[in-house]
Each structure stands twice: as C-alpha cells, then as structure tokens.
Amino acid sequence: MLARSCLRSTRAIASARNGVVNISKRAASSSSSGAAADSPLRMNIAAAAATAVAAGSIAWYYHLYGPTAHAMTPAEEGLHPTKYPWVHEQWLKTFDHQALRRGFQVYREVCASCHSLNRVPYRSLVGTILTVDEAKALAEENEYDTEPNDEGEIEKRPGKLSDYIPAPYKNDEAARFANNGALPPDLSLIVKARHGGCNYIFSLLTGYPEEPPAGASVGEGLNFNPYFPGTGIAMARVLYDGLVDYEDETPASASQMAKDVTEFLNWAAEPEMDDRKRMGMKILVVTSVLFAVSVWVKRYKWAWLKSRKIVYDPPKATKHTTRH
Amino acid sequence: MGIWDTITDLFEAATPWTTAEAEAPAQEEEQKEEVTETKEDEPEAEEATEEEEEEEEEEEEEEDEEEEIVDPKDKLEEECRESKQCFPAKHHFDECVDRVTNASGNGEGKEDCVEEFFHLAHCATQCAAPKLWSVLK
C-alpha cells in the first residue's frame, strides 16, 4: 500500500517536472504571439506548490500509516522456519513411500508414547506404508471393545484393519496429567494445523540448541526451542542420532529421522495427495484433448464462412451485365 | 522365473497403466530362513566357538557404527555459522553474549540474546538447507 503510493508519487513528481519544462516552453512561444496572461514565474510557483502538496501528502500518509507497531517480541513470535526443498511438495511428485515407512517406524518407536494419531486407521496404512499382513499383525497387537454381547457386557477383541490406531492416553486430562500439564497434540493433522507445515515440524524437531542463548529465560519444566512461539516448549528434545534402527539400514541421524517422520505426518494429514496429483494430471490431459478437439471443430464449422468470397458487381449502364 | 516372466515384467514396466502390488514376499523369506537354520545346525562344536568370536566382533563393529553417526545438519550448520555469509549475524550474537554475560554479573541482566540467536540460526539453516537435503535420503 505504502510502496504503491510512493510509486505513484514519484510518477507525479516526474510529471510535474516535465510539466514545468513544457509550460515554460509554451510560455516562451505564447509570449511571442503576445497573448500571455501567465508569467513563467507564476507557473513555476504553481508547479512547485503542487509538488510540495504531493510530497506533503506522502509525508502525512507515512506519519499516519507508515511505521507499524509490533506488539510481540521476536521471541514471542518464534523463529520462522526455513524452507526446505521437500520433494513431495513438488507438483508432480508423490510421497517417497520408503521414507513414509521409516517415518511410521519413528512415530511408533518415539512419538507414539505421548502423541496420538486418532484419525488414521490401520486400513489406510495398507498399500501405502505396510503390506496387508503387516498391518493386520499390527492391528492385532491392540485390543478394542466389541459390541455388547447377550448379557450386555462389552468384551475385548483383537484389532482389525478397520480400527484406528490407539491413543497413548485415555483422554486429554490424562494426557495433561502425565505430561506436567502440557497436552501433546494429536498428530493426525498436525502438518496442516501448524503455520509452516512440514518445515515447521522438521525445524521444531531438530532445532533444539544445546543450550539456550545467553539471557533467555526458560520456564520451569520447559525447554528452549527457537521455532516454538514463545520459545518455551514442554516437549524435550527426543530425536538423537541412532535412536532408531531402520530396517533398510539408512543411517538414523536425528535429521534423517525428523525428515522421515515429517513426511509421514504429512501423509497422515493428506493421505489423498498422491491420488490428488494424479487426478490433476488426468484433468490436464483431458482438458488439453478437449481444447484441441474444440479448435479443430471450430475450424470445421467456420470453414464455409472463412473461405467464402463476396463479389459485388455494380450494375452498368450498358445492356450486357456479366454475373459470376 | 522363466523367460516368459521376464518378458511380462518388461512389458508391465513399459506400460504405464499397470499397478504395483504391495505384497510381502513371504514365501521366499521363509525358505531362506529354513536354509540358514539347516546350515547352522550342520557345523560342529569346534566351529561354534569361532562363530561366537565373530559375532562379538560384529557387535563391536555395530556399536562403532552407531557411534559414528554424525548428524549432517549439525555439521553443515556449524560450517555455515563459520562461513562468510553468516559472519555479521555471528558477530552480533557473539558480541551480545559477551555483553549479557558481563552485565549479568553487575545485576543488570535484563537483555537477552534471543533475537541475535534467531538471526544466526535463520542464516545458518537457510545456508545449510539445500546441502542437507542432498545428503539425507
């Protein structure tokens, strides 16, 4: 807004300057004709006054709207996460499903002890992260309530593919109680739910400095993380080098694990992404074909009009008028 | 795998409309396990001691490997922090740390270096991001 008005004002100043030149020229020419009502001095004063008004309006605008007041300190805002070149965020790229598999392993072995994944059923893991048999075996590790039996009792049964991944705590209150009052958020949609998405999650997981910078105040039971708004986060650093043994023998450095689990969480938030991109490609294919067809049809339909020839032979005074 | 399987595989790889099935190769793995079990049963007690020694060595090697894992992010960001690109940010941060640590001794420790730390961290991560992604899988 301000920049635009500045641009406009510079243009105004430039035009005013040109105006001065033009006016003085015209004054010189008009004086020779002898009909000069305006002296060059008065015109120059008018131009200078107009310029002063223009500059003054800019100054007044800047005085009113220019400086923005920041109510929050940078520490309260949190450090904005760096943009990383995620492959799966490119338009025609899918998730790296080997990375998703590693990320799910990291979630199960590290994150799942505190964070739930309430919106992800086992069936959605089939074909994207696990095979059918692996997912079934994983589901059967947990027990779920059955329908009430004949006596009205609710029994337990082993999990099925249609069940959802169980939460570590019974409810939010239990989760708060176990974590010193801080609620570990559900991770199903966390990539969509946080400003900065994947970059934020990755930066947060890997961004714990070895010690907070000098003078920074860290609350009791909190840890310093620059990317968390307010910089005091209840979650301590969890990812350390070699914490997980990957089955594909990828070196499990902290940043590798963070990258994998972030991509997995992105999948959990947007499991439809691969299909969505394929659908987009299909739409491009179909619309381009339809466009090409429409161009050819247009040519065909307009052919008689474009190729016609109109000839006008004026009637002549002579007897013999020829017609084509 | 007959020659026909090879041809169908090639054909399926070339055609874009085929779908990849995510099925576990369960049977082959089981067979391999059986084979290894039979092999392990065959050697006698004399060889068993040698195997134990080998296993111990392997364990040690594994431990070494685990110790060797160095987070490329830490390394790259450290290099970036020292680089010319981030010199102003690092200079300001170091200066602030000196000032604050000296001032806190005098009881005037109101200032903190969070903002300077942010600028330095921003510079270092920005510089390390593309390098890091080329290293990570």
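**The contact between chains A and B**

Select chain A and chain B together in this predicted model. Their contact draws on 30 residues of chain B and 27 residues of chain A. On chain B, the elements to colour are helix 4 (72-82), helix 5 (87-105) and helix 6 (114-135), each of which gives two or more residues to the side that touches chain A. Helix 6 of chain B gives the most, with 12 residues. Colour that side of chain B by residue class and it comes out as 17 nonpolar, 5 polar and 8 charged residues.

**Chain A as a whole**

Now hide chain B and keep chain A. Chain A has 11 helices and 4 strands. Of its 324 residues, 23% count as buried. Taking contacts in chain A between residues at least 6 apart in sequence, 61% join residues at least 24 apart.

**Residues 98-251 of chain A**

Next, select residues 98-251 of chain A. An unreviewed UniProt entry annotates this span as "domain: Cytochrome c". The span is 30% helix and 10% strand, and the C-alpha atoms at its ends are 14 Å apart.

**The annotated binding site**

Within chain A, select Cys111(A), Cys114(A), His115(A) and Met235(A), which the unreviewed UniProt entry annotates as "binding site". These residues are spread over 125 residues of sequence but cluster in space, with a largest C-alpha distance of 10.9 Å.

Start with Cys114(A), in the loop between helix 4 (97-109) and helix 5 (122-125) of chain A. Why does Cys114(A) count as partly exposed? Cys114(A) has 18 C-beta neighbours inside 10 Å, whereas a buried residue needs 20 or more. Show its contacts too: leaving out residues up to four places away in sequence, Cys114(A) touches Pro168(A), Asn179(A) and Pro184(A).

Then move to Met235(A), in the loop between strand 4 (232-233) and helix 10 of chain A. Met235(A) is partly exposed because 19 other C-beta atoms lie within 10 Å, and the cut-off for buried is 20 or more.

Ala234(A) is in the loop between strand 4 and helix 10 of chain A. With 15 C-beta neighbours inside 10 Å, Ala234(A) is partly exposed. Beyond its neighbours within four places in sequence, Ala234(A) contacts Asn179(A), Asn180(A), Ala182(A), Gly221(A) and Leu222(A). To try the distance tool, pick the C-alpha atoms of Ala234(A) and Phe224(A): these residues are 10 apart along the chain, and the separation is 8.9 Å.

Select strand 1 (residues 143-148) and strand 2 of chain A, which pair in the antiparallel sense over 4 bridges. Which residues in strand 2 of chain A are the bridge partners of Asp145(A) and Pro148(A)? Asp145(A) is partnered by Lys156(A), and Pro148(A) by Ile154(A).

**Helix 9 against helix 10**

Select helix 9 (residues 197-206) and helix 10 (residues 254-269) of chain A. Two packed helices are described by the angle between their axes and the distance between the axes. Here the angle is about 145° and the axes are 9 Å apart. Helix 9 of chain A passes helix 10 of chain A in a right-handed crossing.

To see the contact, show these side chains:

- From helix 9 of chain A: Cys198(A), Ile201(A), Phe202(A), Leu205(A) and Thr206(A).
- From helix 10 of chain A: Ala254(A), Ser255(A), Ala258(A), Lys259(A), Thr262(A), Leu265(A) and Asn266(A).

By class, the residues of this contact divide into 7 nonpolar, 4 polar and 1 charged.

**Last stop: residues 279-297 of chain A**

Finally, select residues 279-297 of chain A, where UniProt places a "transmembrane region" in an unreviewed entry. The span is 100% helix and 0% strand. Its end C-alpha atoms lie 27 Å apart.

Conventions
Residues numbered from 1 in each chain as written. Chains lettered and ligands numbered in written order. Predicted model: local features only at pLDDT ≥ 70, side-chain atom pairs only at ≥ 80, totals over all residues. Contact = placed C-beta atoms within 7 Å. Nonpolar A, V, L, I, M, F, W, Y, C, P; charged D, E, K, R; others polar. Pairing = 2+ DSSP bridges. UniProt positions renumbered as here; feature names shortened; annotations may be inferred. Axes fitted to C-alpha atoms, helices over the stretch in contact; angles between N-to-C directions. Left-handed = near helix turned anticlockwise from the far one by under 90°. Buried ≥ 20, exposed ≤ 12 C-beta atoms within 10 Å, placed from the backbone.
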